[in-house]
Amino acid sequence: MSPRYSLPQIWLHWISAIIIIWATLSGFYVALFHHSPQCARWIGFINVSVTTIYIPLFILRIWFAWRHGKPGDNLLSHKEEKLAAAGHFLLYSNIALVLITGVMMMEKPINVFDLIVLPQPINDPGITTVFNQVHIISCMTLALLVIGHILAVVKHQRKGKPLLRRMGW
């Protein structure tokens, strides 16, 4: 069996994938298509709750990536490894920016599944508007980075480099 990421890394990767893909697709749905106000409120409530809970999981994921590293299976060339490292750095940086701006743009307290309510971090509408604009742009770049990440994995899988085995598949 080829080397794999640690079990916590695998779980945190797939939890991240589910949350990021859900929040991205549902967020773009609300922004780009006609829907009922109730639907928009429900998606907003779910996205705010899920992504708020995701913040400590993302920090944990970064810690595990730094602490455990990646499998030393030499599936990729040196150039591919460098590109993968740069791609992951961009993904992690962009995710951090999306999460930070998502919190800072809030114009009301942050309600997490009606279990806990966190105070609104900034009360100045001019500043929250700037964070909202940066959030929108960073969500678009994150979507492009995720698509690039998926396409890179598909490309390598098709070339006989079983990268998905590293992540438990």
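**Aromatic pairs and helical architecture**

With a relative accessibility of 31%, Phe-113 counts as partly exposed. The model discussed here is predicted. Its protein chain contains five helices and two strands, and UniProt lists residues 4-167 under "domain: Cytochrome b561 bacterial/Ni-hydrogenase" in an unreviewed entry.

**Overall architecture**

- Read from the N terminus, the elements of the protein chain follow the order α-α-α-β-β-α-α.
- Along the principal axes, the C-alpha atoms of the protein chain fill a box of roughly 50 × 30 × 25 Å.
- Of the 169 residues in the protein chain, 31% are buried.
- When contacts in the protein chain between residues at least 6 apart in sequence are considered, 74% of them join residues at least 24 apart.

**Annotated segments**

- The domain that the unreviewed UniProt entry places at residues 4-167 is 75% helix and 4% strand in the model.
- The end C-alpha atoms of residues 4-167 are 6 Å apart.
- The annotation "transmembrane region", also from an unreviewed UniProt entry, covers residues 12-30, 42-64, 85-106 and 134-154.
- Residues 12-30 are 100% helix and 0% strand, with end C-alpha atoms 26 Å apart.
- Residues 42-64 are likewise 100% helix and 0% strand, and their end C-alpha atoms are 33 Å apart.

**Aromatic pairs**

- The structure holds six aromatic pairs.
- In one of them, the ring centres of Phe-45 and Phe-113 are 6.1 Å apart and the ring planes stand at 90 degrees, so the pair is edge-to-face.
- This pair links distant parts of the chain, since Phe-45 lies in helix 2 (residues 37-68) and Phe-113 in the loop between strand 1 (110-112) and strand 2 (116-118), 68 residues apart.
- Phe-45 has a relative accessible area of 26% and is partly exposed.
- The rings of Trp-63 and Phe-64 also form an edge-to-face pair, because their planes are at 80 degrees and their centres are 5.0 Å apart.
- Trp-63 is partly exposed, its relative accessible area being 40%, whereas Phe-64 counts as buried at 14% relative accessibility.
- Tyr-54, Phe-58 and Tyr-92 together form one aromatic cluster.

**A buried serine**

- Ser-16 is located in helix 1 (residues 7-32).
- The relative accessible area of Ser-16 is 2%, so this residue is buried.
- With residues up to four places away in sequence left out, Ser-16 touches Tyr-54 and Arg-61.
- Tyr-54, one of the residues that Ser-16 touches, is also a member of the aromatic cluster with Phe-58 and Tyr-92.

Methods:
Residues numbered from 1 in each chain as written. Predicted model: local features only at pLDDT ≥ 70, side-chain atom pairs only at ≥ 80, totals over all residues. Heavy atoms only, no water. Phe/Tyr/Trp six-rings, centres within 6.5 Å; stacked < 30°, edge-to-face > 60°. Buried < 20%, exposed > 50% of the residue type's maximum accessible area, 1.4 Å probe, protein only. UniProt positions renumbered as here; feature names shortened; annotations may be inferred. Contact = heavy atoms within 4.5 Å.
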